[in-house]
Amino acid sequence: MRDYSPLIEEWMAREALLYDEAAERLGVSSVIVRLWVRGKRTPSLRNQRTLERVLGISSNLHERFDGLEKRVKKLEDSK
């Protein structure tokens, strides 16, 4: 899983954001943002997508999800 903490810190510094302001933009609590930055917690899939959009980065999340859907379908078809 990608480590978002340096990216979040860089974004907050660039935008001169406090934790409360960053949290408001990301739609989470400031406590969650602090935990992400400190590496104590990883963002959920939904929050990863939000971070990607806000931070202007991309990942292979959609590919991993598509792969999961294919595996589930294969399992269902084999029944």
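How many helices and how many strands are there in the protein?

1. This note concerns a predicted model, and in it the protein has five helices and zero strands. Read from the N terminus on, the elements accordingly follow the order α-α-α-α-α. Of the 79 residues in the protein, 29% are buried. Among the contacts with a separation of 6 or more, 43% are made by residues 24 or more positions apart.

2. On the α1 side the contact is made by L7, I8 and W11, and on the α4 side by L51, V54 and L55. Sorted by class, this contact of α1 with α4 holds six nonpolar residues, with no polar and no charged ones.

3. The pairing of α1 with α2 has another geometry, with an angle of about 110 degrees and axes 11 Å apart. The two helices α1 and α2 are therefore roughly perpendicular to each other, given that the perpendicular class covers 65 to 115 degrees. From α1 the contact draws on W11, M12 and E15, and from α2 on Y19, A22, R25 and L26. The residues of this contact of α1 with α2 divide into five nonpolar, no polar and two charged.

4. For α2 and α3, the axes come within 8 Å and cross at roughly 100 degrees, and these helices are therefore roughly perpendicular to each other. The contact involves Y19, D20, A22, A23 and L26 of α2, together with S30, V33, R34, W36 and V37 of α3. By class, the residues of the contact of α2 with α3 comprise seven nonpolar, one polar and two charged.

5. The largest nonpolar core has 15 residues, and I8, M12 and V33 are those with the most contacts inside it. At least two residues of this core are supplied by each of α1, α2 (19-26), α3 (30-38) and α4. The largest share, four residues, comes from α3. V33, one of the residues with the most contacts inside the core, touches I8, M12, Y19, A22, A23, L26 and V28, when residues up to four places away in sequence are not counted.

6. M12, which lies in helix α1, deserves a separate remark. Its relative accessible area is 8%, so M12 is buried, the cut-off for that class being under 20%. Leaving aside residues up to four places away in sequence, M12 touches L17, L18, Y19, A22, V33 and V37. For M12 and A22, which are ten residues apart along the chain, the C-alpha atoms are separated by 6.8 Å.

7. W36 has its place in helix α3. With a relative accessible area of 4%, W36 is therefore buried. Not counting residues up to four places away in sequence, W36 touches S5, I8, L26, V28, R41, T42, P43, N47 and L51. The C-alpha atoms of W36 and Y4 are separated by 7.2 Å, although the two residues are 32 residues apart along the chain.

8. In α4, the buried residues are N47, Q48, T50, L51, E52 and L55. Among them, L51 and L55 also take part in the contact with α1, while N47 and L51 are touched by W36. The helix α4 is followed by G56, whose phi is positive, near 70 degrees.

9. A16 is found in the loop between α1 and α2. The relative accessible area of A16 is 62%, so this residue is exposed, the cut-off for that class being over 50%.

How values were computed. Residues numbered from 1 in each chain as written. Predicted model: local features only at pLDDT ≥ 70, side-chain atom pairs only at ≥ 80, totals over all residues. Heavy atoms only, no water. Contact = heavy atoms within 4.5 Å. Nonpolar A, V, L, I, M, F, W, Y, C, P; charged D, E, K, R; others polar. Core = buried A, V, L, I, M, F, W, Y, C linked by side-chain atoms within 4.5 Å. Buried < 20%, exposed > 50% of the residue type's maximum accessible area, 1.4 Å probe, protein only. Axes fitted to C-alpha atoms, helices over the stretch in contact; angles between N-to-C directions. Parallel < 35°, antiparallel > 145°, perpendicular 65-115°, else oblique.
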